[in-house]
Amino acid sequence: MEQRSKSGGKCPVMHGANTVQEKNVMEWWPNALNLDILHQHDEKTKPYGADFSYKDAFLSLDLEAVKSDLKALMTDSQDWWPADWGTYGGLMIRMAWHAAGTYRVADGRGGANTGNQRFAPLNSWPDNTNLDKARRLLWPIKKKYGNALSWADLFVLAGNMAYESMGFKTFGFAGGREDIWHPEKDINWGSEREWLGKSRYADASADSLANPLAAVQMGLIYVNPEGVDGNPDPLKTAHDVRTTFARMAMNDEETVALTAGGHTVGKTHGNGLEAHLGPNPEGADVEEQGFGWKNPKGSGHGADTVTSGLEGAWTTTPDRWNHTYFHLLLNHEWELTKSPAGAWQWEPVAMKEEDKPFDAHIPGVRRNPIMTDADMAMKMDPAYRKISQRFYEDPAYFEDVFARAWFKLTHRDLGPKSRYLGADVPQEELIWQDPVPTVGYTLSEAEITALKASLLQLDVAPADFISTAWDSARTFRGSDYRGGANGARIRLEPQRSWEGNEPERLERVLTALTEFQAGLEKKISLADLIVLAGTAAVEQAARKAGVSLTVPFSPGRGDATAEQTDAESFSYLEPVHDGFRNWLKPGVEAKAEELLVDRAQLMGLTAAEMTALVGGMRVLGTNYGGTEKGVFTDRVGVLSTDFFVHLTDMAYSWKSTGADSYALVDRKTGEEAFTASRVDLVFGSNSILRAYAEYYAQDDMAERFVQDFCRAWVKVMDADRFDLK
Ligand code: HEM
C-alpha cells in the first residue's frame, strides 16, 4: 500500500509483495456464500507432513515428566512476569478456563480443542488480557516436548497441574487435542466491530442473546464482571451467567461450582488504568514479539499488573486450594466499591484481619478480598444461593462437583471417550461423553456381501434405506465430535421424533431392520445394519449406473441405550434443514445454501465432496418427503450425473415459481421440465459451486462421480468411527 503511494503511480512494477492484503477479493460481494470454511485447516497450513499422527506422538510422551515439569513451573517465578504469592496457579487456571470456555453447545464450535488461543481474535480479546504471558511462560515446556504435546493439550494440562500444585485433586486428563495453524474461519464470534460494545441482550430480562453466541459482549468469554453493561446488579448478572453457562452446557450446580472453584485461587488485577495499556498482541509493534497490553505503570507487572481492572483476591489463601470462598461470600455483608482502576467490585463491609488474604507481592500486608458481580450472583440469586449454601456445608460434595465440572469444561469438545489419550483418562463413563457400548463381533467380506444381498430383499425402498442411513449419520459435527451413526441413537428419543427424520418412514425402516436383526444368527448392532442397508442401496444405484464397486463398510458400531443418552443435550443436534435431502424446515429464515455449507463444514466435507453428495442424493430419490423438487432426472435410483448435466444444460432456462420454488423450463417448448429449490439453483449460480457442478457434468465423469460420491458417503458414515482412526 505504502509502496504504491510512494511510487506516486510512476513505477509500473510493484516492489516486494505482489499480493494485496488490504482487500480480500470476496469483500466486493459481502453477501457471497462463504465456501472458505470448507477448506480451513488444509494440510498445506501444517508444518509437518500428512503422515504425522498426533495420536502416536502424544502416546510416545512421558506424561509424568510433563506433569512434574509443569508443577515445577508453577512456582518458578520469572522476573519478567513475577508470580502472585510465588505461584502462577491462578493465571494458568484462567488461561485454561478461557481456552475451554469459548465452547458453545449449540454448534459445538469454540473450546479448548484446537489451541486457537494462540491466534487472533482470541489472543487479543480484552477478556484474555495477559494470557499472552501465561502462554509465553509455558513456551519452555512446549519447546521441550515438541510435537508430542500440542498447545491445546498443554493449555488444559497446565490448568490441571496448577490445581494439583495448589492441593486440589483433579478428576483426570485426556490428551488428543490437535493444534490448528491458523484461526478458524467457521466460528461466529458475533457481528460487532467494537470490543466490549453494548450487551447483546436487547432487553436484560429477555433471552435475546442470539444463538450460538455464548458471551454477552464481543471480546468476553461470558459475562461482564462489573455487571450487565458495566452496571452492578447481581440479580441481572445472575440471568446473564445462567444463559451463558447454559450455552456451554452447564447447569446451575455446575455453574456455581465452576465460579467458586475458579475463584478459590488467584486474584484480579487492576492496579492501574486499563486505558493506559498498550495495544493487544495482534495490534502491537513488532518489538513486542507477540506480547500485548504493555503496561506503563511502575514495573508494568507484579504489584502493578492491570488485567480486568478489578483488584483483589476472593479467598483467604488464594495461593492454595481452600474452602473460604463460600465462608467469606455467605457470612459477610458486601458493599460496592471501586478498584484503583475504577472498576466496580464488591468488598466486605467488615471482616476479621485473619480472614483477609495477604497482598500478592508485599509480605505481611493483608488486603480486603473482593467479589465480582458474578460472584455476588452466587449469593443473591435464590437458586444459586441454595447451591452455594449446600456447597458451603458440604465441602467434600463441592469438591466432587467442581472436579467433575472442571473436567467437563476442559474435555467436552474433545468428543467421546474413544478420542481420549493417555494414562490419566478417568475410568468412569460420563453421560455428556455420549457413550456407545463396544461390540465384540467382526464380519468377514463374505458375511458383509451376504448381509447386503439379504437387506436388499426386504420390503423397503432403497431410497428409504439411504435416507435412514444418511439421517443417522448426518448429525455428526466435527466441532465437538458429537452425533453420527454410531450408537444408533436415531432409534431413541429425541431423534426418532425429529421432523427432519420423517418419523413415519423412519419407523417403517427401523421395524424392518429390527425384525431382520432378530432373525440373524450372529448378533449385529442396529447401528451397523442401518449403515449397511444404506450402503447396499448406494452400491445398487451405482450398479444401475453401470459402475460396479464395493463401497467399504467397517462394522463395529454399537447401540447406545436410552440411559446412555442425554436427551436434552441431543436436542442441540436436531437439524432444521438438510440441503442434501433438500429440506428446509418451514419458518427457518436463514438462507438454505448457508445452512448447507455450515452443515457440510460440521460434517468435515470439502466443497467437492459436498457437491458430489448433493448431486447424488438428488437422483437417488432421497428428497425429504419424496418431493420432486431438485430431482433432475427421469431415472430416479440410478447414481447418475443427471443433476449436474441438466443444471448446466443451455436447453433449459430458469424461472422462479414461488417462495423457494423454481422451475427448469425447456427453451423450445416453454414447458416446465423440472422443479427446483434454491439450494439446487445455487449449484448453477455460485461461481465456485458451478465450477464443481460443471466438473461432474463433463461427459467423461460418470464413473468418477460414482466413485467420488461413494467415497464421500463412506466419509459421512464413518465420521464418528474414532476407533478406526
Ligand atoms: C461467572 C463468570 C466469571 C466471571 C465474570 C469471571 C471474572 C473474572 C475476572 C474479572 C478475573 C480477574 C482477571 C484479572 O484481572 O486478572 C478472573 C480471574 C480468574 N478467574 Fe474468573 N470469572 C468467571 C468464571 C470463572 C471460572 C468458571 C473459572 C474457572 C473454573 C475462573 C477462574 C479464574 C481464575 C483462576 C482467576 C485468577 C487469575 C489470576 O490469578 O491471574 N473464573 N475472573
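Visitor: Which helix gives the largest share of the shell around the ligand, and how many residues is that?
Guide: In this predicted model, 22 residues surround the ligand. Elements that each supply at least two residues of this shell are α4, α8 (252-263) and β1 (267-268). The largest share comes from α4, with 5 residues.

Visitor: Which residues of the shell are closest to the ligand?
Guide: The shell around the ligand holds 22 residues. The closest residues are His 263, Gly 266, Lys 267, His 269 and Ser 308.

Visitor: How far is an oxygen atom of the ligand from an N or O atom in the side chain of His 269?
Guide: With Trp 97, a polar side-chain atom is 3.2 Å from a ligand nitrogen atom. With Lys 267, a polar backbone atom is 2.9 Å from a ligand oxygen atom. With His 269, the side-chain N or O atom and a ligand oxygen atom are separated by 2.6 Å.

Visitor: Is His 98 buried or exposed?
Guide: His 98 is the position at which an unreviewed UniProt entry places the feature "active site". The residue lies in helix α4 (residues 89-100). Buried means under 20% relative accessible area. The relative accessible area of His 98 is 6%, so the residue is buried.

Visitor: Which residues is His 98 in contact with, leaving aside its neighbours within four places in sequence?
Guide: His 98 belongs to helix α4. With neighbours within four places in sequence left aside, its contacts are Gln 117, Asp 127, Asn 128, Leu 131 and Ile 221.

Visitor: What kind of aromatic pair do Trp 321 and Phe 398 form?
Guide: The count of aromatic pairs comes to 45. For Trp 321 and Phe 398, the centres are 6.0 Å apart and the planes are at 15°. Planes under 30 degrees apart count as stacked, so the pair Trp 321 and Phe 398 is stacked.

Visitor: How many residues apart in sequence are the parts that the pair of Trp 321 and Phe 398 ties together?
Guide: Both partners are buried, Trp 321 at 11% relative accessibility and Phe 398 at 2%. Trp 321 lies in the loop between β2 (312-313) and α9 (325-331), and Phe 398 in helix α12 (residues 395-411). The pair therefore ties together parts that lie apart in sequence by 77 residues.

Visitor: Where do Phe 705 and Phe 709 lie, and what kind of pair are they?
Guide: Phe 705 is buried at 0% relative accessible area, and Phe 709 is buried at 0% as well. Both are in helix α23 (residues 702-717), 4 residues apart, or about one turn of the helix.

Visitor: Over which ring does the charged end of Arg 366 sit?
Guide: Another arginine, Arg 118, lies over the face of Trp 181, at 5.4 Å from the ring centre. The charged end of Arg 366 is 4.0 Å from the centre of the ring it sits over, that of Phe 358.

Visitor: Is Lys 408 buried or exposed, and what is it in contact with?
Guide: Lys 408 is found in helix α12. Its relative accessible area is 8%, so Lys 408 is buried. Leaving aside neighbours within four places in sequence, Lys 408 is in contact with Ala 249, Met 250, Glu 254 and Trp 432.

Methods:
Residues numbered from 1 in each chain as written. Predicted model: local features only at pLDDT ≥ 70, side-chain atom pairs only at ≥ 80, totals over all residues. Heavy atoms only, no water. UniProt positions renumbered as here; feature names shortened; annotations may be inferred. Buried < 20%, exposed > 50% of the residue type's maximum accessible area, 1.4 Å probe, protein only. Contact = heavy atoms within 4.5 Å. Phe/Tyr/Trp six-rings, centres within 6.5 Å; stacked < 30°, edge-to-face > 60°. Lys NZ or Arg CZ within 6 Å of the ring centre and 35° of its normal. Near = heavy atom within 4 Å. Polar contact = N/O pair within 3.5 Å; in protein donor to acceptor, adjacent residues only side chain to side chain.
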